[in-house]
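Please keep the sequence and the model in view while reading.

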Amino acid sequence: MSLPTRALGPLSVSALGLGCMGMSFAYGSADPGEATATLHRAIDLGVTFLDTADMYGGGANEELLATVLADRRDEVTLATKFGILTGDDGYPSGVDGSPAYARRACDASLRRLGVDHIDLYYLHRPDPEVPIEETVGAMAELVAAGKVRHIGLSESSAETIRRAAAVHPIAAVQSEWSVFSRDIERAVLPACRELGIGLVPYSPLGRGLLTGTLPTEFADDDFRRSLPRFQRENLERNLATVEAVREIAAAHGGTPGQVALAWLLAQGDDVAPIPGTKRVRYLEENVGALDVALTPADLTRLDALEPAGDRYPDMAWVERDTPDAALR
């Protein structure tokens with residue numbers, strides 16, 4: 001099967017991708033067998049834009065993808081990320097955007113993935129100690145060496161994006177974007193469209209909030225416990241807000257998650273969401289979003305929804321700039 005495509009700068013990808021983080025990290029225990037089945041089913045369905053990162057499970061997620069890529073590399077547009085350092089618990093402890101680290105991280109990802117090139121290589125977070133020009137310059141060298149095809153940024157400010165694009169073309173910017181996470185629309189989205197950069201929304205289902213199927217209790221190792229939107233009072237308000245999504249879904253004979261994805265897909269042909277799942281049934285449900293045609297009234301109603309609580313405890317984690325290279 002094949003799906004409609006979306007343009008991330010010069011890179012063409014399936015309109016829906018697959019975020020692979022939860023298969024190895026952050027959302028409870030891993031099930032490699034089910035994850036592998038989900039990856040194969042995704043490719044069979046035409047969901048060929050696969051997204052991972054070196055920090056997910058300390059490299060375990062890239063190694064998981066390697067088992068599928070061994071036989072299906074030519075069918076996949078492969079994206080991975082570098083730059084976030086982790087502590088003993090596997091969670092972020094800092095960032096490193098130095099040129100030397102970029103080179104080491106890329107080589108390590110290529111080994112774990114078992115491939116000779118990465119289609120889209122992201123800086124996972126800008127390093128507040130390293131000018132973006134230096135990091136992107138090193139990433140451009142990886143392109144020249146044939147190890148990387150295209151460069152991306154994740155959670156970068158509009159100013160950082162503009163400075164990065166002045167060094168080397170940026171194919172895509174990845175950021176949390178959903179009915180419940182709209183902050184990138186203020187400055188990041190206009191900057192990307194000005195520069196011809198595609199958007200890759202992660203957590204397009206609000207980390208499960210917009211599916212209407214959250215567990216009643218999160219596992220001890222589920223990192224949503226630390227997020228403001230999932231604290232008790234905020235969570236209750238957010239679940240009540242999701243009722244509007246449920247009503248729209250019922251009118252279309254779909255699910256709340258499909259409506260949330262259809263809203264993003266309606267934002268432009270330069271938008272390719274990467275809903276994450278580790279189960280085949282949710283993957284198949286997500287693909288069904290491509291058949292949901294929201295009305296102008298639906299879109300207006302969804303646009304008006306406002307969640308309770310920020311998406312991260314410290315929004316500086318996703319809004320900071322890097323130093324000015326000229327002042328170094």
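1. Of the 328 residues of the chain, 58% count as buried. The model is a predicted one, and every value in this note is to be read with that in mind. The chain holds 11 helices and 11 strands. Its radius of gyration is 19 Å, close to the 20 Å that the globule rule gives for 328 residues, so the chain is as compact as a globular protein of that length. Along the principal axes, the C-alpha atoms fill a box of roughly 55 × 45 × 40 Å.

2. In soluble globular proteins, nonpolar side chains tend to be buried together. Here the largest nonpolar core has 75 residues, and the members that touch the most others are Leu18, Leu39 and Leu153. Apart from this core lies another, of 13 residues, which includes Leu8, Phe49, Ala171 and Tyr202.

3. Which residues does Leu18 contact, leaving aside its neighbours within four places in sequence? Among them are Met23, Leu39, Ala42, Val47, Phe49 and Leu50. The list also includes Asp51, Ile274, Pro275, Thr277 and Leu283.

4. The buried residues of α1 are Ala35, Thr38, Leu39, Ala42, Ile43 and Leu45. They cover an arc of only 165 degrees around the axis, which means that they lie on the same side of α1.

5. What do the buried residues of α1 pack against? Their partners are the strands β3 (17-19) and β4 (49-51), together with the helices α2 (60-72) and α9 (280-287). Just after α1 comes Gly46, with a positive phi of about 100 degrees.

6. Backbone angles deserve a separate point. Most residues other than glycine have a negative phi, and most peptide bonds are trans. Glu155 has a positive phi near 50 degrees, although this residue is not glycine. Its place is in the loop between β9 (148-154) and α5 (158-165). Is Glu155 buried or exposed? Its relative accessibility is 3%, so Glu155 counts as buried.

7. Ser203 also has a positive phi, of about 50 degrees, without being a glycine. Ser203 is found in the loop between β11 (198-202) and α7 (232-252). With a relative accessible area of 13%, Ser203 is buried.

8. The loop between β9 and α5 also holds Ser156, which is buried at a relative accessible area of 4%. Not counting residues up to four places away in sequence, Ser156 touches Pro126, Ile161 and Val188. In α5 itself, the residues Ala158, Thr160, Ile161, Arg163 and Ala164 are buried. What covers the buried residues of α5 includes α4 (132-144), β9, β10 (172-176) and α6 (188-195).

9. Helix α4 contains Thr135. This threonine is buried, with a relative accessible area of 1%. Leaving out residues up to four places away in sequence, Thr135 touches Phe82, Gly97, Leu123 and Val130.

10. The cysteines form the last point. A disulfide is a covalent bond between the sulfur atoms of two cysteines. How many disulfides does a search of the whole structure find? The search finds 0. Cys20 is in no disulfide, and the nearest cysteine sulfur, that of Cys106, is 18 Å away. Cys20 counts as buried at 1% relative accessibility, and Cys106 is buried with a relative accessible area of 0%.

Technical notes
Residues are numbered from 1 along each chain as its sequence is written. This is a predicted model: local features need pLDDT of at least 70, side-chain atom pairs count only at pLDDT 80 or more; totals for chains, interfaces and linings use all residues. Side-chain values use heavy atoms; hydrogens and water are left out. A nonpolar core is a set of buried Ala, Val, Leu, Ile, Met, Phe, Trp, Tyr and Cys residues joined through side-chain atoms within 4.5 Å. Buried means under 20% relative accessible area, exposed over 50%, partly exposed in between (1.4 Å probe, protein chains only). Contact means heavy atoms within 4.5 Å. A disulfide is a pair of cysteine sulfur atoms within 2.5 Å. Helices (H or I, at least four residues) and strands (E, at least two) are DSSP runs, numbered from the N terminus. The arc is that of the directions from the helix axis to the C-beta atoms. The radius of gyration is taken over C-alpha atoms; the globule rule is 2.2 Å times the number of residues to the power 0.38.
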